[in-house]
Amino acid sequence: MKYQSGFKVLGFLVCLITAYAALAGGDPVVRALPGKPVSLDPHKFQSNAEALIDKDLYEGLTVQDEFGNPVPGMAKSWEVSEDGRIWTFHMRDDVVWSDGKPITASDFYYSFQRLANPAIKSPHRFYLDIAGLHNSQAISKGDLDVSHLGVNAADDKTLVITLDHPAHWLPALLTFPAFLPVPEHIISTTESQRGEVWAETVGVAVSNGPYTLEGKEGGEWLLQKNPNYRDAAAVKSEQIIWKEYESITEQVEQFYMGNLHISSALPDHVRALFMADDARQVQSSRTLSTYYLLLNGEDKELSPDVRRALSLALDRNAIFPFGAAGDVAWELIPPWTEGMDANNEVEKLPQYQRDQLALNALKAAGVCEDKPIELKLLSTRSESQWKDSVLVQWARLPGVNVSIEKVEMQDYIRRMNEGDYQLAFGSWIAAYNDPSAFLVLGSRRLSPRALIGIDDGYYDEFVESMWRGGTRFYKDLQERLLLRDTLVPLAHPSNVHLVQPAIQGFVTKNPEGWVHSARLSLQPK
């Protein structure tokens, strides 16, 4: 694994470098992308690499303040009906696309319908179902046309969203990149007629956020301040460069050389590379994310007893580098999620007792050294060594032989979506700050990873939890999901960003991890 081997090189590098080659003030702010973007279309983005750029290019009905709270964006205000089902958003006056065309409620009406359209194949359309937009599920099944979606432009300045059930967190969900508006007047004359990829084509792409797409070359995406943005005066930097990186090692090297101002979110153990007097450049933050193990409950080798044994045998405190008490996860939902009890202590058995229960489960499954089972762990080629430590722990189970099957990232995503795996590692980042953003994984009706979910009654209980709220409802659903041992939480990782001292405005107080480029500036020399 190149991340780990690269740390040896970095140790030598740290010793050699005694000063930073600081980038000159007035230059673009250079930020790191954790990989190569596939599509900048808000309805088709695949990963955080695209979402980071989209957040700079576009602005939704709502945006986030530095703490992650939803505040007015393209909508200047909103209200909800007494039953919590009908939301009315009032558009700002005189907002326009970067090409000067006025933005109206109809732009969001079109964007919602496009997201819902099964033909678009958006990997994020299920969020419409989570929110309970009226007729969303029927449209997904092909039973109704998108024109029946519960969204309506009452006039140019008024957008009305109708839900099947209350969702108090809707304004927070609408800050998620999939709900950013897309320009119908551009898409209708490019993508449909000439087949162009409009969102990544310089000179064609049109946006409504703080920046516009100005250029791309050699793994670098150049964004230029949008003079037509509604709050252009508050945008600090004229240009942003988002640069693709393939490894943690490369980011740290480029940071030390002064070629990178801000890294992407990196694992917390990266801070070990820095001296004590470098602490000002390492900003740490907790996020609404969970790393977990997936066990395919439909695989014939993975009976309930085998899944139970594999789960019990995992000593979370021995999984590098997530041994710190703050990182270890016994529940899917991070305790600092809004609506959860941050002081909750999960009852857990000592590991030696868990090991004995694991052996008992294997015996019940008929697995032993004379009757072994062969299992494969699906992995990308860039996985880090912490996952190897899981295999070491499973090696203690007699008759359980697990090997790693490494594939390219695109194949990994495809096979995960198709359920073509026995064992796999996954992660989930909440789209909004509420337990329901995690609990959606438990519903086969809603979950993008349906093999994890439950059919019987879970969806109805999920909807009820959103109606009634309260920690008890959330915890009951979570317990029901985890008892299946198809999803085993491992860690709630903390992230770190490497930030050059010359950067101003970089604040990591948003639990979803977003830090918008519009707030950043580069201090002059």
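This is a predicted model: local features need pLDDT of at least 70, side-chain atom pairs count only at pLDDT 80 or more; totals for chains, interfaces and linings use all residues.

A: Let's start with strand β1, residues 29–33. Five of its five residues are buried, meaning under 20% relative accessible area, so β1 is largely enclosed by the rest of the structure. In a regular strand, side chains alternate between the two faces of the sheet. Here, Val29, Arg31 and Leu33 point one way from β1, while Val30 and Ala32 point the other way.

Next, the partner. β1 runs parallel to strand β10 (residues 239–244), and five bridges join the two.

The model has three cavities of 30 Å³ or more. The largest holds about 50 Å³ of space, and Arg31 is part of its lining, along with Leu52, Lys55, Asp56, Trp242, Trp514, Val515, His516 and Ser517. So what gives the most to that lining? Helix α2, residues 48–57, with three residues. By class, the lining of this largest cavity has four nonpolar, two polar and three charged residues.

The second largest cavity comes in at about 40 Å³. Its lining is made up of Glu66, Gly505, Val507, Asn510, Trp514, Val515, His516 and Arg519. Those divide into three nonpolar, three polar and two charged residues.

Terms used. Residues are numbered from 1 along each chain as its sequence is written. Side-chain values use heavy atoms; hydrogens and water are left out. Buried means under 20% relative accessible area, exposed over 50%, partly exposed in between (1.4 Å probe, protein chains only). Helices (H or I, at least four residues) and strands (E, at least two) are DSSP runs, numbered from the N terminus. Two strands pair if DSSP finds at least two bridges between them. On a 1 Å grid over the protein atoms alone, a cavity is a set of points where a 1.4 Å probe fits but cannot get out, and a pocket is an open set with protein on both sides within 12 Å along at least five of seven lines; lining residues have an atom within 4 Å of a point. Grid points are joined across faces, edges and corners, and a volume is the space filled by probe spheres set on the points. Ala, Val, Leu, Ile, Met, Phe, Trp, Tyr, Cys and Pro count as nonpolar, Asp, Glu, Lys and Arg as charged, and the others, Gly among them, as polar.
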